[in-house]
Amino acid sequence: MRTSWVQLTQAIADCTNCALCEGCTQKVPGQGDPDAPLMLIGEGPGQQEDQQGLAFVGPAGQLLTKMLAAIQLPRERVYICNIVKCRPPNNRTPLPAETEACQPHLLAQWALVQPKVVLLLGSTAVRGVLGENYRITRIRGQWYERGDVPILATYHPSALLRDPEKKRDAWTDLKIVRQKLIDLGQYTDLLKGEL
Ligand code: URA
């Protein structure tokens, strides 16, 4: 039987699969439209996310909100989560073992949302979903698939804040995602006209 949202939220709250739970303020499961055609996956909670219990609410999240708005998607209409649900100490990159320990939660989220398109944000999401050998710099902007779901990777918004020159590529990637959603007949009430 498939896990329900209630069971999943509880499983994440109770999770001790790795040591990250010992240092975080609270779990950050993710949020948004549970039936969203577009699912976004980031790395892990930062300081503000850890304090608020919500994904992508700090500076990177604010940029992400603007990026989504630029392709006519209000962020409440997408589902946003992270590879790991607990903040790593000092915002370090999650270890492969931590990514693996959190994987059942991500897979359960994926199964519940049943996204039509998945957008990976940054290298941790790329490695966590596509595999350890995939590199964001090589594969961004290209379509991959997992179980018939088209997956595209772009830079993490934090990387765009550090290096604004990457914004041009990220914009290209977002437009590719938008076109895929249009081609799949998704968000017909929102995605209108040329950008
Ligand atoms: N960075 C992430 O990868 N996820 C968040 O939720 C916030 C910052």
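Tutor: Two strands count as paired if DSSP finds at least two bridges between them, and a strand itself is a DSSP run of E, at least two residues long, numbered from the N terminus. By the way, this is a predicted model, where local features need pLDDT of at least 70, side-chain atom pairs count only at pLDDT 80 or more, and totals for chains, interfaces and linings use all residues. Residues are numbered from 1 along each chain as its sequence is written, and side-chain values use heavy atoms, with hydrogens and water left out.

Student: Okay, what is the strand order in the open sheet?

Tutor: In general, strands pair through backbone hydrogen bonds, either parallel or antiparallel. Here six strands run E1-E3-E2-E4-E6-E5, with mixed pairing. E1 (31-32) and E5 (143-146) are the edges, each pairing on one side only.

Student: In which sense do E2 and E3 pair?

Tutor: Parallel: E2 (residues 38-42) and E3 (residues 79-82) share four bridges. Gly-42 stands opposite Asn-82 there. By contrast, E5 and E6 (residues 149-154) pair antiparallel over four bridges, and their hairpin has two residues between the strands, with Gly-147 at a positive phi near 55°.

Student: Which residues surround the ligand?

Tutor: Here a residue is near if one of its heavy atoms lies within 4 Å. The shell includes Gly-42 and Asn-82, along with Glu-43, Gly-44 and His-156.

Student: How much of the ligand does the protein bury?

Tutor: Areas come from the Shrake-Rupley method with a 1.4 Å probe. Alone, the ligand exposes 240 Å², and the protein buries 93% of that.
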